[in-house]
Structure formats: C-alpha cells, structure tokens
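Biologist: Please show me the model, and then let us go through it by question and answer.

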Amino acid sequence: MNYIWSRKGWEGHPIVARLKSLGGNSWRATASSINVEFRRIDKFSSGIGGTRLYIMDSWILKTGPYNVNIAHQANVHLRVIKTENHVISHETGTSIQYLRIAVEQLSRGGKTFTIRLNSTEYGDLKNKLSAPIHAARDIVIRQSLSDMFLEAFREQVSQNPHHTLPEDAPVPEPCIGCMQTQSNIKLVKHCEEGDWGECVQCYCRPMWCLECMGKWFSSRQDQAHPERWLAGNSPCPTCRAKFCMLDVCFIA
C-alpha cells in the first residue's frame, strides 16, 4: 500500500487528496503552511483517547489512528451539536462534561467532521478560533473553575473605585502579560485604612490588563480550596506588594 501511495511523488496518498480539496496553488504549499504553523508554540492542542486536536492560526487539524482531518479556519462553520455529562471521570474522579462540535467545511468537496472536547477547554478553544462557535439554546456548556473566577473577579473590579492617572502620566502601554490588550488596571489600596491588614500600597505604573491580573491572582491561591479565592490576597506580579480584589481598580 505504501508503495502505491508513494508513486508519482505521493500524489495518490489519502492525505494528499485531502490537502488538494482545500484549494491553493498546490498541496505541497498547503502542507508547508500547516507545517510552519504547527511548529509554533501558541497553538491549541487537546487529546481524548486516540485522537488529537490542534488549532493553529489558520488551520484546524484532527488526527486519529487511521485518518487525518484538515480544515481552514476561514472556510468553516462550527456548531456544538451535543454535550455528554458524566458523573465521575476515570481521570479526575469528579464530574466532567464533553462537547461534540461539528466542523462543517464550506468549500466544494469539503468534508464535515466532529471534534470531542472537555468543556473546561472550551474557552481556550474559542480564543484560538477566528470563527464563532454556534450552539442551540438548550445546550448548556459548563464553565471551567478559572472562567467562573474570572467572571467574579471582573464583576468585583467593576464595582471598585476607578483610578484617575495624573495629567502628566504616560499613556499605558500594552499589558506585559499578553501583549495584546492595553494595560487598564492599577493596584490602589482600598480594603483597609492606613496600615491595617496584610495589603499594602503598590506604586507600580499600570502594566497589566484585567484578564491577566485575574489569572495571576487565581494562580497564587490555594488550588485545593477554590472557595477561599475571592477572600484571598496575592503579591503584585511586579513589586510583590500584597493586594486583594478590593484593591484592583480600572483606569478612568
């Protein structure tokens, strides 16, 4: 079989046929583009059983023991078609939810395939996709613990006093955590008056966005007791001054 596939420069290989269906100048150019993006460290990857899923900047790649599915992000429609809820996972010993997502290729001859994903990875998957994922109203997707905390963190910070920068202060630069969003928060001690409490005043200039600061805050908490996270404190990622959620302020 390998000999037959290898004839005429692998033109008869099933994966080559799949690459040709994606269009482009040649299947070799398409394979080279996928190879370049696959080497990047920022791709999303996940695996359940014998399958692996990779989401790159432009490509969606699903591999199994006997087949490979490839789709271009700009040419697909994604739908959550089913959820699977299990009371106990053999991996974690806790309840778990899996999602089945249909990847429908819009190009002529494109093949529709499905991907199976742990619902806790759904947020990371959406962040890497350029196209939206549609879901029916009756499908309820569980949020991960970190997503639920970030939502509560965001709600609390929105209720905190806003901080006004001095007129001569420089314009905040991009967040040093993600380098994508402009820095939009400042740590200002509001939780206790004077020197009471563990929190202290931070004198760092704004260098972080809300999302990255929330992720940093949760990473510094006791992972075995998430019920204590909201009442916890964390060192500033830059100067190590302790702060709590009441001290995180949006820049006015």
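Modeller: Four strands form an open sheet with mixed pairing, in the order 7-6-5-8. Strands are DSSP runs of E with at least two residues, helices are runs of H or I with at least four, and both are numbered from the N terminus. Two strands pair if DSSP finds at least two bridges between them. This is a predicted model, in which local features need pLDDT of at least 70 and side-chain atom pairs count only at pLDDT 80 or more, while totals for chains, interfaces and linings use all residues. Residues are numbered from 1 along each chain as its sequence is written, and side-chain values use heavy atoms, with hydrogens and water left out.

Biologist: Over how many bridges do strand 5 and strand 6 pair?

Modeller: Strands of a sheet pair through backbone hydrogen bonds, either parallel or antiparallel. Strand 5 covers residues 76–86 and strand 6 covers residues 96–105. Lys 82 stands opposite Arg 100 in strand 6. Strands 5 and 6 pair in the antiparallel sense, over 10 bridges.

Biologist: Is Phe 113 buried or exposed?

Modeller: Phe 113 lies in strand 7. Its contacts (heavy atoms within 4.5 Å), leaving aside neighbours within four places in sequence, include Ile 60, Ile 70, Ile 101 and Val 103. Buried means under 20% relative accessible area, exposed over 50%, and partly exposed in between, with a 1.4 Å probe and protein chains only. At 6% relative accessibility, Phe 113 counts as buried.

Biologist: How many aromatic pairs are found, and why is the pair of Phe 38 and Tyr 54 edge-to-face?

Modeller: A search of the whole structure finds six aromatic pairs. Rings of Phe, Tyr and Trp (its six-membered ring) pair if their centres lie within 6.5 Å; planes under 30 degrees apart count as stacked, over 60 as edge-to-face and the rest as tilted. The rings of Phe 38 and Tyr 54 have their centres 4.9 Å apart, and the pair is edge-to-face because their planes are at 70°.

Biologist: What is the angle between the planes of Phe 149 and Phe 153?

Modeller: Phe 149 and Phe 153 are four residues apart in helix 5, about one helical turn. Phe 149 is buried at 5% relative accessibility, and Phe 153 is buried at 1%. Their rings lie 5.8 Å centre to centre and form a tilted pair, with an angle of 40°.

Biologist: Which residue has its charged end over the ring of Phe 38?

Modeller: A charge sits over a ring if NZ of Lys or CZ of Arg is within 6 Å of the ring centre and within 35 degrees of the ring normal. Phe 38 is partly exposed, with a relative accessible area of 30%. The charged end over its ring, 4.7 Å from the centre, belongs to Lys 43.
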